[in-house]
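Reader: Hi! Could we walk through this model together, a bit at a time?
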Amino acid sequence: MRSGYDFIVVGGGSAGCVVASRLSEISDASVLLLEAGGSDRHPLFHLPAGFAKMTKGIGSWGWQTTPQQSMQNKIFNYTQAKVIGGGSAINAQIYTRGAAQDYDEWRQSGCLEWGYDDVLPYFKKSEDNDTYNGEFHSQGGLLGVSMPAAALPICDAFIEAAGEYGIPKTIDVNGEQPDGAGYYQLTQRNVRRSSSAMAFLAPAKARKNLTIKKRASVRRIIVEHGRASGVELLDGTCITADREVIICSGAIGSPRLLQLSGIGPAEHLQSLGINVVFDQPSVGKNLQDHLDLYAICEVSGHYTYDRYAKPHLSVLAGLQYLLTRKGPVASSLFETGGFWYADENARSPDIQMHLGLGTGIEAGVEAMANGGVTLNACHLRPHSRGTVRLQSNNPADMPLIDPNYLSDPYDREMSIRGLKLVQEILSQPALKPFILAERLPGPDVKTDEDYFNYICTHSKTAHHCAGTCRMGIDTEAVLDPRLRFNGIEGLRVADASIMPTVNSSNTNAPSIMIGEKAADMIKQDQGILR
């Protein structure tokens, strides 16, 4: 590996792989992509159902939150990817963008190039959709986006049950009218995961101007005379960047790296013995995440995929997938869901549902001995704000991740309403042939206080953290709307941390969009693209 490049991209995740791939399209520019994690060669990173293993530690940093003071000091497992492809390599592959109003509000806050009309072309630029093409979708892009290949009859029953409750069926949650219940599209191509590494890096690997270095942890960003001049790796190697350093380490990793580099709240850094390079109090603030609640029902037959957890049936499922590209292994296990309202005055749906084709799919979620179905609900626009801070000046130490869940009473009320909503859907006639009984929360949970106590035991992150290096035009913004770090030249951030407010859905598709838009902004600012 050489000692100098034009561009250094730190973090090979959903956005970072896109940024590195697109910048390597500049034929006379050298690009280095640094990823702390390893390879995605293991089959679980490619098989749709491999998601069931991911929140349990594979390809993850193994981090946790601080005790959540507004949730009876509950500590959450906080899966953050540590593998090439980042979150797109370990997620449930759900392709959702959020509401148009999410981006229009970014524009209204002063981020003028980030309205829905501005970002839609970048969503479409990436997309190779196996079903839709036109105003909201496109075909021929690098990212595979596909309809589910292994849905079960209970999925259609869920959509029908939502209709019985009063939620209409939606054909395309990323189209003109996302309100309703239906099938999600997935980041898959030919019934295999289409991560950002597989979609964007694989076609670019042959370019001689692109270097990809895995298992390369960055200790700090080097800043000289007010400019980011390169990076230092954990082993002491220093690499220079002649044009820019672009941090794409995610909503936890990016503020963590900045603070380890001495860029962040001065008082906090000084308390840990870190030399302050640039005092920016907003680095690591504004953390937002979707808190995921769930109801679990035991099913009355083999209507979900729970039984395939048994070793001999897992082998049969693997053979079925190899021969037919069907069956449990072809399923992301969360392929159906929708968007609806907890707050009747909300400007767009504020609850998202994910139907899990089994139980115990994610770490910390209960499994039913006789099989079951899980219906998740998360409140999409939380008022609560948290922080990412350092535990010490040692890069090996886990950061202090505090989403500050339910610290705002509004979030608590809307979350409980969302949980009650999914209970109502599960009780509708269309699901009666499939469901034996609701087991969680169960009949003993009646009052809102009961629900709160239940949530403090039975809840998890939706893995949608954002906002910790937000862009804006105010004096407290970490970045300007072109994602340049305010106060340090040659330094940008491009990942979910740049969001002023988290989008109203899963965050993988928006993170890829941010990578696409960031790459074009860099090209424009370098005079390469008009």
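**A walk through the model**

Author: Happy to. Ile522 is found in helix H13, residues 508-525; helices (H or I, at least four residues) and strands (E, at least two) are DSSP runs, numbered from the N terminus. This is a predicted model, where local features need pLDDT of at least 70, side-chain atom pairs count only at pLDDT 80 or more, and totals for chains, interfaces and linings use all residues. Residues are numbered from 1 along each chain as its sequence is written, and side-chain values use heavy atoms, with hydrogens and water left out.

Reader: Thanks! Is Ile522 buried or exposed?

Author: Ile522 is buried, at a relative accessible area of 0%. Buried means under 20% relative accessible area, exposed over 50%, and partly exposed in between (1.4 Å probe, protein chains only).

Reader: And what is Ile522 in contact with, leaving aside its neighbours within four places in sequence?

Author: Phe7, Leu23, Glu244, Ile246 and Arg492 are in contact with Ile522, where contact means heavy atoms within 4.5 Å.

Reader: Switching to aromatics: how many aromatic pairs does the structure hold?

Author: There are 11 aromatic pairs. Rings of Phe, Tyr and Trp (its six-membered ring) pair if their centres lie within 6.5 Å; planes under 30 degrees apart count as stacked, over 60 as edge-to-face and the rest as tilted.

Reader: Why is the pair of Trp340 and Tyr341 edge-to-face?

Author: Their ring planes are at 75°, with the centres 5.3 Å apart, so the pair is edge-to-face. Tyr341 is partly exposed, with a relative accessible area of 26%.

Reader: Nice. Which residues form an aromatic cluster?

Author: Tyr103, Trp106, Trp114 and Phe123 form one.

Reader: What about the second largest pocket? What volume does it have?

Author: About 910 Å³. Helix H2 (51-54) and helix H10 (311-324) are the elements that give two or more residues to its lining, and H10 gives the most, with six residues.

Reader: Last topic, the backbone. Where is there a cis peptide bond?

Author: A cis peptide bond joins Leu440 and Pro441, with omega about 0°. Pro441 lies in the loop between strand S24 (435-440) and helix H12 (448-455).

Reader: And what is phi of Gln93?

Author: Phi of Gln93 is near 70°, a positive value in a residue other than glycine. Gln93 is buried, with a relative accessible area of 0%, in the loop between helix H3 (87-90) and strand S5 (94-95).

Note on methods: 1 Å grid on protein atoms, 1.4 Å probe; cavity = no way out; pocket = protein on both sides within 12 Å on 5 of 7 lines; lining within 4 Å. Points joined across faces, edges and corners; volume = space filled by probe spheres on them.
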